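Thanks for coming. I will take one structure and walk through a few places in it.

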Amino acid sequence: MTKQTIITLPGDGIGPEVTTVAVDVLKAACRAFDVEIETIERPFGGTGYDTDGEPVTQETLELCKKHKFVLLGAVGGPKWDDLSADLRPEAALLKLRRELGVYANLRPIQVYPALAGASTLKEDVIAGTDILIMRELTGGIYFGEPRFTTEHKGEIWSVDTMKYSRSEIQRIARKAFEAARFRDKRVCSVDKANVLESSRLWRKSVEEVAEEFPDVELSHMLVDNCAMQLIRNPKQFDVMVTGNLFGDILSDEAAMLTGSIGMLPSASLGDGNGLYEPVHGSAPDIAGQGVANPLAAVASVALMCRYSLKMEEAAAMIESAIRSVLDDGYRTPDLFADEEGTFRSGTTEISVRLLELVKEKAVV
Ligand code: NAD
């Protein structure tokens, strides 16, 4: 049995409830492939502030950098809303992302057959949708300099700068092509090359990387068309790679295809480091009630298996358990619509069933 250490940062609100389930499932799935998962847990966010007087300590950041693979729950809540910006729970998140140097944000958008009716779009449009959106996370217009507001000739002006270097584009493009090799081997690069200079460099740089991956098909799409195509025919996409601004908007649009925020996992990757977290927040309105949907956190550890632990079979096992638990009719209140064959369940019930399913799949 080999040993692998990961850091867990449960955080606030429902964070601890959903990460507990995710860690149990991760351990069970990895054990089936002779890998023992050891966890080191640290307070983080509001809980970190309550424990250590700051949302994240330098020691925790060093531990995360040392062990490289991190599972995060969620941070934030009304209790900490009045703290100064540097002490607020969200400051810990930004610090952690920066320290780990994670520049690629991966959001799988998967419509589970059992939940196809939960979307606002028609079932036949979204059933079978399985997209991986890869968003550049540390560059582009959100970070470009100069940025300022000034007064000139009696008018007020504001400037933001959309800026990308060839190497910044190529490192995320490489991640997209690598991910496509686990999937349908198609990458769609999204830009605005008909108008923006930075998009023209984006397109050229992605094409250069494509030459290293002759087994993966590359296409390009303008961002305005992409926004339409996601609603018109989402099934056409496999891996989508795009810059920070376009990725921010398109990933939220695509998220709505799945019907519930409690289903969406994410991974943020740097060179060797991986931060895994559900997309949802700390949901203070339902914290402590035992009704949080743990499936986004569980799907996040499947991504950890795939992209960091390099255990594709364990990833597939976890994802198959998620599909089965939904097929069996289990629904936390956020998913429950009183459909035939479904029943309202709590976090623990789902957790117990997931563990049974993983164990069954391990035996088969
Ligand atoms: P939220 O995602 O926490 O909740 C939005 C709604 O979705 C709520 O009604 C909540 O009950 C529900 N919900 C979310 N996750 C769920 C789950 N797993 N199961 C069932 N229902 C779920 O967003 P919010 O209410 O805007 O923010 C609450 C707090 O979370 C704020 O302090 C915010 O800053 C923080 N936040 C943190 C992160 C993060 O840690 N990455 C992300 C978003 C928001």
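Predicted model: local features only at pLDDT ≥ 70, side-chain atom pairs only at ≥ 80, totals over all residues.

Residues are numbered from 1 along each chain as its sequence is written, and side-chain values use heavy atoms, with hydrogens and water left out.

Now the ligand. Which residues come nearest to the ligand? They are Val75, Gly281, Ala283, Asp285 and Asn293, out of 20 residues around it; a residue belongs to that group if one of its heavy atoms lies within 4 Å of the ligand. By class, this shell holds ten nonpolar, six polar and four charged residues. Here Ala, Val, Leu, Ile, Met, Phe, Trp, Tyr, Cys and Pro count as nonpolar, Asp, Glu, Lys and Arg as charged, and the others, Gly among them, as polar.

In Gly77 a backbone N or O atom lies 3.1 Å from one. For Glu90, a polar side-chain atom is 3.0 Å from a ligand oxygen. In Asp285 a side-chain N or O atom is 2.9 Å from one. Taken alone, the ligand exposes 810 Å², and the protein buries 67% of that; the areas come from the Shrake-Rupley method with a 1.4 Å probe.

Next, Ser189. It sits in strand β8, residues 186-191; strands are DSSP runs of E, at least two residues, and helices are runs of H or I, at least four, numbered from the N terminus. Is Ser189 buried or exposed? Ser189 is buried, because its relative accessible area is 0%, and buried means under 20%, exposed over 50%, partly exposed in between (1.4 Å probe, protein chains only). Leaving aside neighbours within four places in sequence, its contacts (heavy atoms within 4.5 Å) include Trp202, Val206 and Leu218.

On to the cysteines. How many disulfides are there? The count is zero, where a disulfide is a pair of cysteine sulfur atoms within 2.5 Å. For Cys226, the nearest cysteine sulfur is that of Cys188, 5.9 Å away. For Cys305, it is that of Cys30, at 4.1 Å. Cys305 counts as buried, because its relative accessibility is 0%.

Last, Leu94, which is found in helix α4, residues 89-100. Leu94 is exposed, with a relative accessible area of 53%.

Technical notes: Polar contact = N/O pair within 3.5 Å; in protein donor to acceptor, adjacent residues only side chain to side chain.
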